[in-house]
Amino acid sequence: MKGEIEQTLGAWVLFTVDIQPACLGLYCGKTLLFKNGSTEIYGECGVCPRGQRTNAQKYCQPCTESPQLYDWLYLGFMAMLPLVLHWFFIEWYSGKKSSSALFQHVTALFECSMAALITLLVSDPVGVLYIRSCRVLMLSDWYTMLYNPSPDYVTTVHCTHEAVYPLYTIVFIYYAFCLVLMMLLRPLLVKKIACGLGKSDRFKSIYAALYFFPILTVLQAVGGGLLYYAFPYIILVLSLFTLAVYMSASEIENCYDLLVRKKRLIVLFSHWLLHAYGIISISRVDKLEQDLPLLALVPTPALFYLFTAKFTEPSRILSEGANGH
């Protein structure tokens, strides 16, 4: 009788062990230690190495997929942020006192383009303009540090890793290369061609970059996952807002005011490209024949502004604001 009880208890223990989950936590997994043919030996449950994430069976698997179109659009948005800020501060501090703004704009474009190219070349696989990635499944994939399990509510199993490899860290690498290239190229260029500016004004656009790069880095570190899902709407809202502000500040009230200067057309077409980028990002071009007609909406905000400017009279509003009324 005693032997039967022991056997029953032993079977119950084995059954209990068998139904235990392979790993606790949402992102903990077992790393492959040895493989020989069909034989695979995995280590203890823990953090997955860089470039891997857990599968449904809680095993760490290498990221071998190609980024989707939406992933590339997100990376393009993060790459555009420093470029747009460079252009804004160059224009802000150059004003009408110097003809060097165009050369600085071109240099900023060159810096960001080279940084993006180098970032792709140093990313895995190294030496080719191609990256391998893990697919983003949900928002929590960006914040694995918040999902470290505590089995006994005392000891924490640290399983923090880049589940969205490399969409999170590749942005930091890009910003680092942008900063290095800016410090190598821009000071020499500004010193040579920015003769129309005072000595204190020449490097203000560079000083501004030394401020906004840390801000962008913190933004990516804290809100990378939120930006991943929200950037199409951010592009549309900001492009609409900046277009309205620019056209009102330039006192554009009709088509003639818009066509009289080439710079205004360049700004308009740049905003149209941003509108198109945002629309494509929202639709993701899943069904090309249905989504492409949405691009016809790109000129709508500018046309709406021109048709309604006579009712709002932005020049009068600006003059009254300058007079303090």
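Helix α10 has a kink of about 35°, centred on Leu-306; the bend at a residue is the angle between axes fitted to the seven residues ending there and the seven starting there. The model is predicted, so local features need pLDDT of at least 70 and side-chain atom pairs count only at pLDDT 80 or more, whereas totals for chains, interfaces and linings use all residues. Residues are numbered from 1 along each chain as its sequence is written, and side-chain values use heavy atoms, with hydrogens and water left out.

Helices (H or I, at least four residues) and strands (E, at least two) are DSSP runs, numbered from the N terminus. Ala-302, Tyr-305, Leu-306 and Ala-309 of α10 are buried, where buried means under 20% relative accessible area, exposed over 50%, and partly exposed in between (1.4 Å probe, protein chains only).

Strands β1 (residues 29–36) and β2 (residues 39–46) pair in the antiparallel sense over six bridges; pairing requires that DSSP finds at least two bridges between two strands. Phe-34 has Ile-41 in β2 as its bridge partner. Two residues lie between the strands of this hairpin, in which Gly-37 takes a positive phi near 70°.

The structure holds six salt bridges, each defined by a side-chain nitrogen of Lys or Arg within 4 Å of a carboxyl oxygen of Asp or Glu. One of them joins Glu-91 and Lys-263, with the closest N and O atoms 2.4 Å apart. Because Glu-91 lies in helix α2 and Lys-263 in helix α8 (residues 262–283), this pair ties together parts 172 residues apart in sequence. Glu-91 is partly exposed at 28% relative accessible area, as is Lys-263 at 46%. Another salt bridge links Arg-135 to Glu-65, at 3.3 Å between the closest N and O atoms. Arg-135 is in the loop between α3 (101–122) and α4 (169–193), and Glu-65 is in the loop between β4 (60–62) and α2 (69–94), 70 residues apart.

Leu-226 belongs to helix α6 (residues 204–249) and counts as exposed because its relative accessibility is 52%.
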